[in-house]
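Work through the exercises below with the structure open beside you. Try each task before reading its solution.

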Amino acid sequence: MGGGHGHGEGTTYRGVTIHHPKRWHTVTGKGLCAVMWFWIMYRAKKDGPVVLGWRHPWEGHDGDHGHGKAVD
C-alpha cells in the first residue's frame, strides 16, 4: 500500500519497517513544537488566573480601556 522496497534505510522490528524521517521533517517538527510551547506559555501568562479559578474574567482588566471616563 504506500511504498515500495529499497527507498532508504529504516529499522525493522517483527517484520515492520519504520523509515527514518528526513532532516527537514525533524527540524520543522522541533520548530513547530517550540512555537506551540511559546504560545501555551504566553496564554498561561494572560489567562492563567482565570483558568485556575483565582479570578473571574469580568473582575478588572490588565490595562485601562477608558470605560466610564469622560473625554474633554
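## Exercise 1: The hairpin

Thr12 stands opposite Thr17 in S2. The model is predicted.

**Task.** Find the bridge partner of Thr11 in S2, then state in which sense S1 and S2 pair.

**Solution.** 
1. Start from the facing residues Thr12 and Thr17.
2. Move to Thr11. Its bridge partner in S2 is Ile18.
3. Now take the two strands together. S1 and S2 pair in the antiparallel sense, over four bridges.
4. Two residues sit between the strands, and the unit is a hairpin.

## Exercise 2: The turn residue

**Solution.** 
1. Locate the residue. Arg14 is in the loop that links strand S1 (10–13) to strand S2 (16–19).
2. Check the accessibility. The cut-off for exposed is over 50%.

## Exercise 3: The chain as a whole

**Task.** Give the order of elements from the N terminus, and say what share of the residues is buried.

**Solution.** 
1. Count the elements. The protein chain has one helix and two strands.
2. Order them. From the N terminus the pattern is β-β-α.
3. Turn to burial. Of the 72 residues in the protein chain, 1% are buried.

## Exercise 4: A salt bridge in the helix

**Task.** Identify the side chains that meet in a salt bridge, and explain their spacing along H1.

**Solution.** 
1. Count first. There is one salt bridge.
2. Name the partners. Arg43 and Asp47 meet at 2.6 Å, N to O.
3. Explain the spacing. Arg43 and Asp47 are four residues apart in helix H1, so about one helical turn separates them.
4. Recall the general rule. An α-helix has 3.6 residues a turn, so residues three or four places apart point the same way.
5. Arg43 is partly exposed, at 30% relative accessible area. Asp47 is also at 30% and counts as partly exposed.

## Exercise 5: An aromatic pair

**Task.** Which rings form the aromatic pair, and how is the pair classed?

**Solution.** 
1. Search the whole structure. One aromatic pair turns up.
2. Name the rings and read the geometry. Trp39 and Tyr42 lie 5.6 Å apart, centre to centre, with 35 degrees between the planes.
3. Apply the cut-offs. Under 30 degrees is stacked and over 60 is edge-to-face, so the rest is tilted. The pair of Trp39 and Tyr42 is tilted.
4. Place the residues. Trp39 and Tyr42 are three residues apart in helix H1, about one helical turn.
5. Compare the accessibility. Trp39 is exposed at 52%, whereas Tyr42 is partly exposed at 39%.

## Exercise 6: Patch and bend

**Task.** Find the residues of the nonpolar surface patch, and locate the bend in H1.

**Solution.** 
1. List the members. Met36, Trp37, Ile40 and Met41 form the patch, with about 400 Å² of accessible area together.
2. Trp37 lies in helix H1 (residues 23–51) and is partly exposed at 46% relative accessibility.
3. Follow H1 onward. H1 bends by about 55 degrees at Lys45, and Pro49 follows within four residues.
4. Leave the helix. Just after H1, Gly53 has a positive phi of about 85 degrees.

How values were computed. Residues are numbered from 1 along each chain as its sequence is written. This is a predicted model: local features need pLDDT of at least 70, side-chain atom pairs count only at pLDDT 80 or more; totals for chains, interfaces and linings use all residues. Side-chain values use heavy atoms; hydrogens and water are left out. Patches are made of residues with over 30% relative accessible area and no salt bridge: like charges are joined within 9 Å, nonpolar side chains (Val, Leu, Ile, Met, Phe, Trp, Tyr) within 5 Å. Accessible areas come from the Shrake-Rupley method with a 1.4 Å probe; for residues, only the protein chains shown count as cover. A salt bridge is a side-chain nitrogen of Lys or Arg within 4 Å of a carboxyl oxygen of Asp or Glu. Buried means under 20% relative accessible area, exposed over 50%, partly exposed in between (1.4 Å probe, protein chains only). The bend at a residue is the angle between axes fitted to the seven residues ending there and the seven starting there. Two strands pair if DSSP finds at least two bridges between them. Rings of Phe, Tyr and Trp (its six-membered ring) pair if their centres lie within 6.5 Å; planes under 30 degrees apart count as stacked, over 60 as edge-to-face and the rest as tilted.
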